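The sequence and structure come first.

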Amino acid sequence: MRSTTVEKKPLPEKMLTAAPLAQSSTGESSTVTQSPVESWTEILVRLPPKALLRCRAVCRAWRGATSTHDFLLAHHARQPALPLIYAYNFKCDGDRVKFLDIIPFDHRVGAATADRLQSVAQIDLSYPGMEVSCDGLLVFSVGENRNLSVYNPATRQYAPLPQIAGFMLLGMYPHSPTGKYRLLLYLSDANLGQDGSYVFSLGSDQSPRYKGYPNAFELMFTRPILFRGNLHWQILESAGNMLKVFDTTAESFRQMRAPPLPYPAHLFEMDGMLSMSSFDEATNTTIDIWMSQDYDNELWALKYRVKLPVADLTVQFGKFVEYWNFMVTSRDGGVSMLVKFGEWLLQFDINGKLIASFHFRGLVPAEHCLKQTLVQHTFFPMLQGYVVNNSSFIGC
Amino acid sequence: MAATPADASSSSSEAVVGGEKSNKMITLISSDGESFEATEEAAKMSVTIKHMIEDGCADDGIPLPNVPAKILSMVIEYCNKHAADADDTNKHVADPADADEDDDNNNNNASAGEKEDLKSFDASLVAVDQATLFDIILAANFLSIKGLLDLACQKVADDIKDKSVEEVREIFKIENDFTKEEEEAVRKENAWAFNE
């Protein structure tokens, strides 16, 4: 047997080394105990957030390896952007909503229902408000006074945001020039300032800054999607089908062409492209999915038409009234649609075949996604009233 | 093409078929002296091997002292399967505007079947014990086969994600080197992750 030594390739910098375990002699099959710890970082980065937090308690090396900023960024980058579903919970004495479960929907059919509908937060929704989400952060309003707060479900860090009391949420984005998370807000309260849009930096003690656009209330009815550094909303525009676009670097508004879809349509990202989807207006039985093949030139193409046997589904599951109340989710090249029929949330594949069903009266597709993060954001500890919750329930 | 252990003494430097580069066979030699043959195309899924071929070091066969035969044969199986799949990615996808209404939903199906086939192949490849999984990880890391490294690491992660701290230590024979206070502190930091 030749004894040519083959140079072992240098490990990528992001792999951390820790105390090595006993090495096996060259040529023997190594066992688990003799594996270099560098490989473990590659394994740990693939764990879901909760399991990762648990694995920190295995040994010092694992705790160290999973706590660095670089590791957590890499971990966050791997997290799927799971579409959120709301589960409105009803009081047993009637219809009034008691609290809202926020559930990132696991796309994969075949995983247990309990796994697919794991709540990450319960919000006291005696007075339902609005929510925005960005990366792994949620900002929402709670309570009678519509107090706004920021929350990270993966770390359960929570902080109130009193500086923006009275404002309404339009969107949230990472502002790349400063590296801060910012909120796009709308104000319609003469006591607090001019009508229009404002931006506010999380962790900042500066008041929200006015950005003009007095008619910004038109953005309040649909959730935006962040794509290529821009926030997009569909708007009703007499001139034709348009999207309002907010450039998060320049922090300015413009418009772009949209495909001919009825309002409100669903905006999402699929295969790296901005996409829009809606039921056809005429029959409400076919889901049209358009993709922006050429984003810079604002050119769209009809990519899929998915026909659903609406009449049969109505008989089986219940009334299909909210033809706008559905969402399209795309992951690993697989596309699914979630549509509400009666008290059911149904999942269809791209061929219109029913692949899963969830019976829960209050399940409603939300319009944004959650990409969980364990990264320690610098703004949290700076906010007065900052806590790390032990439970996932957020009351007022 | 399955990997076949060849006679250790046979030469492998001749191209099997003249002309087409992709039909050239490469010999890979495991740490325990067994020789395996793979097409150049499959072998090049390993960036390490690809560089060696391009540097002209592969003519007499490539010795891999870090990879035992059992693992090498699995690695070659993976490379064969995925190299063949990479070939087929240039598929004709029907233009939805051309198709009539009845065909629409079926056209969406283009390569779903192949994807499923590859997925189940991958799943059965890594349905092995932890020790073998780790050997695959080491080999994939050493040979720079990103897809296989990803697959094997994800499998280990999936295997341990619902396990308790004690179970994880047991599986990997890891010693708990925390002091009592340190361990308490870590568990307290995110208590809900341990209790729920």
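## Cysteines

A disulfide is counted as a pair of cysteine sulfur atoms within 2.5 Å. In general, such a link is a covalent bond between the sulfur atoms of two cysteines. The model is a predicted one, in which local features need pLDDT of at least 70, side-chain atom pairs count only at pLDDT 80 or more, and totals for chains, interfaces and linings use all residues. Residues are numbered from 1 along each chain as its sequence is written, chains are lettered from A and ligands numbered from 1 in the order in which they are written, and side-chain values use heavy atoms, with hydrogens and water left out.

A:Cys59 is in no disulfide, and the nearest cysteine sulfur, in A:Cys55, is 9.4 Å away. For A:Cys369, the closest cysteine sulfur is that of A:Cys134, at 11 Å, which is too far for a bond.

The two residues can also be placed by burial (buried is under 20% relative accessible area, exposed over 50%, partly exposed in between; 1.4 Å probe, protein chains only). A:Cys59 is buried, at 4%. A:Cys369 is partly exposed, at 36%.

## A hairpin in chain A

Helices (H or I, at least four residues) and strands (E, at least two) are DSSP runs, numbered from the N terminus. Strand E16 of chain A spans residues 266-270, and four of its five residues are buried. E16(A) runs antiparallel to strand E17 (residues 273-279) of chain A, and five bridges join them; strands pair if DSSP finds at least two bridges between them.

Within this pair, A:Leu267 stands opposite A:Met276 of E17(A). Two residues lie between the strands of the hairpin, where A:Asp271 takes a positive phi near 50 degrees.

## Chain B

Chain B has ten helices and four strands. Their order from the N terminus is β-β-β-α-α-β-α-α-α-α-α-α-α-α. Of the 196 residues in chain B, 42% are buried. Taking contacts (heavy atoms within 4.5 Å) between residues at least 6 apart in the sequence of chain B, 62% join residues at least 24 apart.

Helix H7 of chain B covers residues 146-160, and its 15 residues reach 21 Å from first C-alpha to last, close to the 21 Å expected at 1.5 Å a residue. The expected span is 1.5 Å times one less than the number of residues. Among the buried residues of H7(B) are B:Leu148, B:Leu151, B:Cys153 and B:Ile160.
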